[in-house]
Amino acid sequence: MKPKNLTSLPQILSSLSDFESQEAELSTSLTDLLAASEPITQSLSRLQSLAPQLDDLLKDASILSRNVSSTAKTAERIGGRVQSLDEEMRRIREASDRVGQVIDLKSSLTALQSSIEASDWESATRHCARAMSLPSEVISGSFAEFAVPTSESHLPPAQTLQEAREHLLHVFRLNFEQASRSRDSTATSRFFKLFPAIGWEKEGLQAYATSVVDSVRVKAPTSAKTSSPLYFIAALTSLFESIAMIVDQHQPVVEKYYGAGKMKAVAERLLDECDRVVKDVMSRWQEERSITRKISDITNNPPMSSMVAAGRRPQASSNQDDEHIDPREIDQVIIEMSGMVGRWNLFKKFLLDSFEAPDTTSASLPLDSTASQMVFDEVLVKYYIPLEVWYVRAIIDKAHRLSQPDMTQSATTTTTPDDVFYILKVVLLRLSSTGSLNAVERMTEQLCDILEKDYAVVLKKKMDEVYRSAGTTGQLVRGEKADRENRLAFAVILNDLDVSSSHLERLIQDLLGNGAINQYFLSSQQQLVKDVFASLSSLVTKFRSTSRVGIEQLFNQLIRPKLRTFITEVYKDVSYVLDDDSYSNAEYQDFVRKRFMKSWDTLMDDYKDSFTEANFRILFGLVLDTLLRPWERFMMGFKFTELGAIRFDRDLRSVNTYLSSQTAFGDGREKFVRLQQMSTLLNLDSEEDVDEFYNGSGITWKVSLQEARAIAALKN
């Protein structure tokens, strides 16, 4: 605070007190500083004692600087002279090397001319390669142009070398062609190796490709006949094997002398020749086999079953027209087509594997764009698939028309499933041997449609006919006999559907495990092919669905009416209000078990003998499902004593044991769970609380707590 602002005595005294405090603090600080001054004085004294030594060091440094500066100047003068000498030495060495290279060039050209005159082509190649290995600035340099020419060869060395190379190319090509024509493998190999050594790689490969193209021209032997089913397959096989053998045997040699991947150029030339031969062979095949006429015939004469499935009744003459189309002849043509296409895809797979280069970015052979690929794709789409579709439909139609009961099976079936799925297996194996993913996808889709419309739908129509017949024959005088005949006919069709689903499941498994997929298809396609074949399993579901619908129709028509009085007849005059005497009497008579067995046998024996196991299992389940709910409701009308509850449990177990003995699949016990739980509740001790038992027993209850209370209340 400023003194002029002090207006009262207290303010003055307060300000004075503050100043005294500050004075005391300053005095204390000064005292501390004076107490610490002695170490500082000692340090200054030590520094002053070092001054003479620092002066001596300064003098020594000055002397050393003068000496080093003198030496550095001397070294700089000497280093400059050494650098000049090094540059002169470098130029001398360069001149010496250039002179040496020119001498090598001159000697190589001289030796080259001598070797050419002596027809020593290996030596000429060696000398030419040696001359070519020299730098181009040496060969075309002014010094070489001055020093190399001689009186015999006055041309510049670059021109001399080029003319020698062209002369050698002409000689090598001429000798290579002569050796190829004479089939002299030693001479062919000899000159083939010389091309790349003197820079004629492209020309050497062209000459080689030209020579091997002639070896793949397929000419049928004079003894062969085009009518033979193997003629055209053998012709294409010979073509593809010839090319494959060339690639397999010559690829290592070509890549050794010409470099990796150089065989592709030769393979492309071979594929051009392959395209020409394939077009010619397939053209003759189409003409020889009258393929156009066959396609027209099958288009104008579809199999009868396809028209039946479409709801059209065929003309009387259509079957006669169909007779002149022999399915065996169509089958032979299809076998021939699948064989030819399969050979092509095997050949294509071999080439792709041979020229596969995972560590490089070079493009593979353009096999998918070749004319051969287009020809075979056209054969598959235009001929193979339509003929195969007609053939399958014709066989299915024939199998329906010639169907006979197959009495060799435990359950009666017809010959239709075995005939159809035997041919289907042949067709699918043949399809997989084509090696064409596109054909597999298209044909599998067609087969699904055929099996559904020409096979499953026809069987469904047959079932409908029997079902309608069963509805009318009940009014006839024959009665029971007609009912039994219709029931058997219906069961046979259902068995055919069940056998068909089993056959198809097994066929799919065989296809997926068949080695043909790995053999004919590329690794990238194999899983796709398996997925396509696996899609046939959708038909298994459709067959079983159709079979179940038919069984339900049979059940509703013939069995359900008989079940209405089944339980009441079994429990006629039966009481569960028992004492000791009546319990013994009921034990002796055993009415429930005996009546149930008799009624069940009367109801189900014919079906058990006539149905397959799978179909009988469905029917068995339908009967129990229809029977058990009314049975449960019926038992709610009884009263039970303690002995009566025990008797009910014994009756229930005996029925359950009997039903289990009638089947191998054991579905009965699961369906009796509610009745069994009813028996458990009826046999509780009288002092045991139902709610407590229900909640604490750990049983997975199928009856509700309310139902459990009602059941327990039935017991007196």
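This is a predicted model: local features need pLDDT of at least 70, side-chain atom pairs count only at pLDDT 80 or more; totals for chains, interfaces and linings use all residues.
Visitor: What is the volume of the largest pocket?
Guide: The volume of the largest pocket is about 490 Å³. On a 1 Å grid over the protein atoms alone, a pocket is an open set of points with protein on both sides within 12 Å along at least five of seven lines, whereas a cavity is a set of points where a 1.4 Å probe fits but cannot get out; lining residues have an atom within 4 Å of a point. Grid points are joined across faces, edges and corners, and a volume is the space filled by probe spheres set on the points.

Visitor: Which residues are closest to its centre?
Guide: Thr-188, Tyr-208, Ser-211, Val-212 and His-250 are the closest, out of 20 residues that line the largest pocket.

Visitor: Which helix supplies the largest share of that lining?
Guide: H9 does, with seven residues. Helices H6 (157–181), H7 (185–197), H8 (201–215) and H9 (231–258) each supply at least two. Helices (H or I, at least four residues) and strands (E, at least two) are DSSP runs, numbered from the N terminus.

Visitor: How do the lining residues divide by class?
Guide: The lining of the largest pocket has nine nonpolar, nine polar and two charged residues. Here Ala, Val, Leu, Ile, Met, Phe, Trp, Tyr, Cys and Pro count as nonpolar, Asp, Glu, Lys and Arg as charged, and the others, Gly among them, as polar.

Visitor: And the second largest pocket: how much space lies in it?
Guide: About 340 Å³. Its lining has 22 residues, with Ser-410, Ala-411, Phe-611, Thr-612 and Glu-613 nearest the centre. H18 gives the most to this lining, four residues, and by class the lining has seven nonpolar, nine polar and six charged residues.

Visitor: Switching to cavities, how many are there of 30 Å³ or more?
Guide: There are two cavities of 30 Å³ or more. The second largest cavity holds about 30 Å³ of space and is lined by Trp-600, Met-604, Asp-605, Lys-608, Phe-616 and Gln-662. H24 gives the most to that lining, with four residues.

Visitor: Which residues touch the most other members of the largest nonpolar core?
Guide: Tyr-571, Phe-596, Trp-600, Trp-631, Met-635 and Phe-648 do, in a core of 175 residues. Helix H15 (residues 371–401) contributes the largest share of this core, 16 residues. A nonpolar core is a set of buried Ala, Val, Leu, Ile, Met, Phe, Trp, Tyr and Cys residues joined through side-chain atoms within 4.5 Å. Buried means under 20% relative accessible area, exposed over 50%, and partly exposed in between (1.4 Å probe, protein chains only).

Visitor: What does Trp-631 touch?
Guide: Not counting residues up to four places away in sequence, Trp-631 touches Ile-567, Tyr-571, Phe-596, Leu-652, Val-655, Phe-672 and Leu-675. Contact means heavy atoms within 4.5 Å.

Visitor: Which residues of helix H11 are buried?
Guide: In H11 (residues 291–300), Ile-291, Lys-294, Ile-295, Asp-297 and Ile-298 are buried. These residues lie on the same side of H11 because they cover an arc of only 160° around the axis; the arc is that of the directions from the helix axis to the C-beta atoms. The buried residues pack against helix H10 (263–288), helix H14 (327–354) and H15, while the face turned away from the buried side carries the exposed residues Thr-292, Thr-299 and Asn-300.

Visitor: Is Thr-434 buried or exposed?
Guide: Thr-434 counts as buried because its relative accessibility is 0%. Thr-434 sits in the loop between H16 and helix H17 (437–473). Leaving aside neighbours within four places in sequence, its contacts include Ser-338, Asn-345 and Tyr-384.

Visitor: Lastly, where is Asp-573, and what is its phi?
Guide: Asp-573 is in the loop between helix H22 (566–570) and helix H23 (580–589), with a positive phi of about 60° although it is not a glycine. Asp-573 is exposed, at a relative accessible area of 72%. Asp-590, in the loop between H23 and H24, also has a positive phi, near 50°, but Asp-590 is buried at 12%.

Technical notes
Residues are numbered from 1 along each chain as its sequence is written. Side-chain values use heavy atoms; hydrogens and water are left out.
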